[in-house]
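Please open the structure in the viewer and keep the selection panel at hand.

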Amino acid sequence: KTKQVFPGLTIGLILGSYLVKPSIIGGIEQSINYIVDSLTDINNIKIIVFLYMFSGLVGIIKISGGIKGFVDFASNKIDTKKEALIVTWLSTLGTFSAPSFRIVTIAPIMKALLSKINMTKKELAFMIETSTQPVIVLIPIATAFVGYMVSVIEMGLQNQNIDADPYSLYLQSIPFNFFAISMIIIGTIFVIFRHSSKNNIPITNESDNVKTDNKDTVEQSKPWNLIIPVSLVIILTLFLTWLDGFSQGYHLFEAFIEADVLQAMVVALFITLLITIVMLLFQKNSLKTMIHEFIESGNNLMSVILLLSVVWGLSSVTEDLGLSEFVTNNVSWIPSSFIPPVMFIIGAFISYFIGSSWGTWGILMPLGISLAQAGDANLPLVIGAVFASGSFGSFASPLSDNNNTIAGILEINAMDYAKYKLLPAMISAVIATGLFLLLSFLL
């Protein structure tokens, strides 16, 4: 009704809290507890710190002439939407560790090019997101997803006393994540052929609009001030990810699988921030100006951080109200040959309304493995269906972290943007359902 995500989320959180604790002030107290709990969760704190620091780093890069230099350089190379699409996809090679990492890395850079290419903000956001969650969820190493995805499979196997290697099953399930695969294809087609009226204000070169007491800084064009920090944070993230796994006694690929990728991302970013400041001091940039811009740019994401805290709180409400129990207690009717497509449909429904792929996987994976075992369904296919269902919500839901983060960075309405990408997401979901149904009979 309001066309704003935040009021809707807040009302949903308060209503859910009153259902959990139905007293005059009990619901309000419970709402606050949910928000506080979400903000004190260690992984959520890491995400908040990462988002704030990276936004601050981008601000420092901006005033040093890094973004202006990159735009000046890219302006000679990028003139069309297709060329921007190629650059966006190439950037995936170094930014696949986590969706939040990729979004905060590539979105500000591409945003600065928006005035040159014939695209709306929504088209740009969609182009970036199509190459984010659907891609990262298919990469079996060095991402923030892998360890968790393997752990939920392992949990489901243990519940059913199945003697199997969870990582091997995860690898076998990747080709069956039909939503992610379909979304990459359908999304790319939509980016190339879909044309929207440019109803948003064209974005000028942001680095030209920076107000600072160092006038020389604004006039400079130094692409290496962008390239070096971004490359450094990517390289350090990969190295520290491997080092974390190696320190736990694992080697090679296992080290990447078992590592705490989120921790590695935050540490890598902090090191990069310090090195960048020192590098820019040698270039005679003002320390006072850099600190001011770091805080100002970091504060630009506070609205996103506040939104995420309510999203996380609402996810906790749905869990406390028994959503997962409701689902698991009402699926005994599923015929064995229909387990994969039905699991995908149920999971897509859940993930859309809680906005969390991780939450959906945690809820449905034990159930999916249990049904596959009882109905003699193909286990990798069922696992792939569960992962695909979570991918749908993470991409399409207006409550998704990714949706709200990229909307905040590109300054677009999160609900309108979610509606914009719903059609291609639904097309991909229909294709995925058909493939799950077909392979249920073939495998």
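Select helix α9 (residues 146–159) together with helix α21 (residues 379–396): their axes lie 12 Å apart, at an angle of about 130°. Helices are DSSP runs of H or I with at least four residues, numbered from the N terminus; axes are lines fitted to C-alpha atoms over the stretch in contact, with angles from 0 to 180 degrees between N-to-C directions. The pair is therefore oblique, the class left over once under 35 degrees is taken as roughly parallel, over 145 as roughly antiparallel and 65 to 115 as roughly perpendicular. Display Met149, Val152, Ile153 and Leu157 of α9 with Leu379, Ile383 and Phe387 of α21, which form the contact (heavy atoms within 4.5 Å). These residues comprise 7 nonpolar, no polar and no charged; Ala, Val, Leu, Ile, Met, Phe, Trp, Tyr, Cys and Pro count as nonpolar, Asp, Glu, Lys and Arg as charged, and the others, Gly among them, as polar.

The model is predicted; local features require pLDDT of at least 70 and side-chain atom pairs 80 or more, while totals for chains, interfaces and linings use all residues. Residues are numbered from 1 along each chain as its sequence is written, and side-chain values use heavy atoms, without hydrogens and water.

On α19, the contact residues include Gly347 and Ala348; on α21, Ser389 and Gly390 are among them. This contact has 13 nonpolar, 5 polar and no charged residues.

Finally, select the whole protein, which has 24 helices and 0 strands.

How values were computed:
Helices (H or I, at least four residues) and strands (E, at least two) are DSSP runs, numbered from the N terminus.
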